[in-house]
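Subject: Structure handover

Hi there,

Here is the structure I promised to pass on.

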Amino acid sequence: MATPEHLTADAAGAPLEPALDRLLNRQAGPVTLLLHGYKYCPFHQPSAADPTLRDPHRLIYAETPETTCDRIISWPGMLDRAGPTLGIGWPGMHSGHGTLNSIRGFAEVYARADSIARQVARLADRIAALDPDRRIDLIGHSLGGRIALASLPHMKLAEPGRILLWGAAERATIARMHIERGTGRTEIINVRARTNAPFDRMFEWAAPGQGPALGAVGPVDGVATLTLDDPRTEQALQARGLPLGATSRGRCHWSFYTRPGTGPLYAALLDQPGIWTADRIAALPDEPAPAQQTARNAVVSTLSALLPTNRMRGA
């Protein structure tokens, strides 16, 4: 578990180093660090006031999630990757209920993610200190993508091989800043989707600062971009033996990992970097970023997504 102040191995506060040392000795292969997004919180217990299960270790990080919700699948199971997979839980929730509290709460959690990134960098450095030859990769969904990017400038020993961003909730200008302050050797793959465009607009409206989301801009230096639901990209992946199953054509923030076929795709991107080079990923047929809506329509889309009937339960 990561908090802005420290890292622990479990809810009781057990020190991380002995558990990490045992894990690395027990399992060979690359280390995969998983980072969830908004509205998850480790060891959260449902209550009458908040009956939704929000503990990522019992949901997306579990081998068998404790729910049948179609937004929830096992990330380690989907990736099916050799080596240790560490799900990093962090407090991605806010207090209060209702649309206005959700808007204010998102800004609060967005700011908190920067402190969590420092703890993720410490974890990566500890892995590098214990096993300097061990490859480390990061995967971040939504605000987890912000954490992955923000961790780069704080790493002193670790040099991740690749970072996969799934619908990253970060502004392009800030993403560029973190990348420039890193070592420059980590390869970053920005996985975006047209079905995520309403959530990109919601992020732009609700997050502090100004500027477009990373998923709503054209090519970024140091980042290979893959638009998951561009038909031409789908056809190119099919031809390369990585077919994707059907996906929603409406608004969806979770198809990055719920869509059939994404697991083998991500495993190939991580485990075959010599084949799936950044240049080859960038050369896949791709379309320009979705056109920005007018300010009025963007606000309407944002408020619609935050209404109780449409609210993100986990982002």
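How many cavities of 30 Å³ or more does the count come to? The count is 4 cavities of that volume or above. Before the details, a word on the ground rules. This is a predicted model, in which local features need pLDDT of at least 70 and side-chain atom pairs count only at pLDDT 80 or more, while totals for chains, interfaces and linings use all residues. Residues are numbered from 1 along each chain as its sequence is written, and side-chain values use heavy atoms, with hydrogens and water left out.

The search runs on a 1 Å grid over the protein atoms alone: a cavity is a set of points where a 1.4 Å probe fits but cannot get out, and a pocket is an open set with protein on both sides within 12 Å along at least five of seven lines. Lining residues have an atom within 4 Å of a point. Grid points are joined across faces, edges and corners, and a volume is the space filled by probe spheres set on the points.

The largest cavity has a volume of about 80 Å³. It is lined by 12 residues, and Ser 142, Ala 169, Phe 199, Phe 203 and His 253 are the closest to its centre. Helix α6 (residues 197–206) gives the largest share of that lining, 4 residues. (Helices, H or I with at least four residues, and strands, E with at least two, are DSSP runs numbered from the N terminus.) By type, the lining of the largest cavity holds 7 nonpolar residues, 4 polar and 1 charged. Here Ala, Val, Leu, Ile, Met, Phe, Trp, Tyr, Cys and Pro count as nonpolar, Asp, Glu, Lys and Arg as charged, and the others, Gly among them, as polar.

The largest pocket contains about 600 Å³ of space. Its lining has 26 residues, with Ala 9, Leu 23, Thr 85, Leu 86 and Gly 87 nearest the centre. Two or more lining residues come from each of α1 (16–26) and β2 (85–88), and α1 provides the largest share, 6 residues. The lining of the largest pocket divides into 16 nonpolar, 6 polar and 4 charged residues.

Strand β1 (31–35) is largely enclosed by the rest of the structure, because 5 of its 5 residues are buried. (Buried means under 20% relative accessible area, exposed over 50%, and partly exposed in between, with a 1.4 Å probe and protein chains only.) Val 31, Leu 33 and Leu 35 point one way from β1, while Thr 32 and Leu 34 point the other way.

Two strands pair if DSSP finds at least two bridges between them. β1 pairs with strand β3 (residues 136–141) in the parallel sense over 5 bridges, and there Val 31 has Ile 136 as its bridge partner. β1 also runs parallel to β2, joined by 4 bridges, with Thr 32 opposite Thr 85. That Thr 85 is one of the residues nearest the centre of the largest pocket.

Elsewhere, strand β4 (residues 162–166) and β5 pair in the parallel sense over 5 bridges, and Leu 165 stands opposite Asn 190 in β5. Of the 6 residues of β5 (residues 187–192), 5 are buried, so this strand is largely enclosed by the rest of the structure.

**Aromatic rings**

The whole structure has 9 aromatic pairs. Rings of Phe, Tyr and Trp (its six-membered ring) pair if their centres lie within 6.5 Å; planes under 30 degrees apart count as stacked, over 60 as edge-to-face and the rest as tilted. Why is the pair of Tyr 61 and Trp 75 edge-to-face? The planes are at 70°, so the pair falls in that class, with the ring centres 5.9 Å apart. This pair links distant parts of the chain: Tyr 61 sits in the loop between β1 and α2 (75–79), and Trp 75, 14 residues away, in helix α2.

Arg 71 lies over the face of Trp 254, 3.9 Å from the ring centre, and the charged end of Arg 146 is over the ring of Tyr 110, 3.7 Å from its centre.

Happy exploring!

How values were computed:
Lys NZ or Arg CZ within 6 Å of the ring centre and 35° of its normal.
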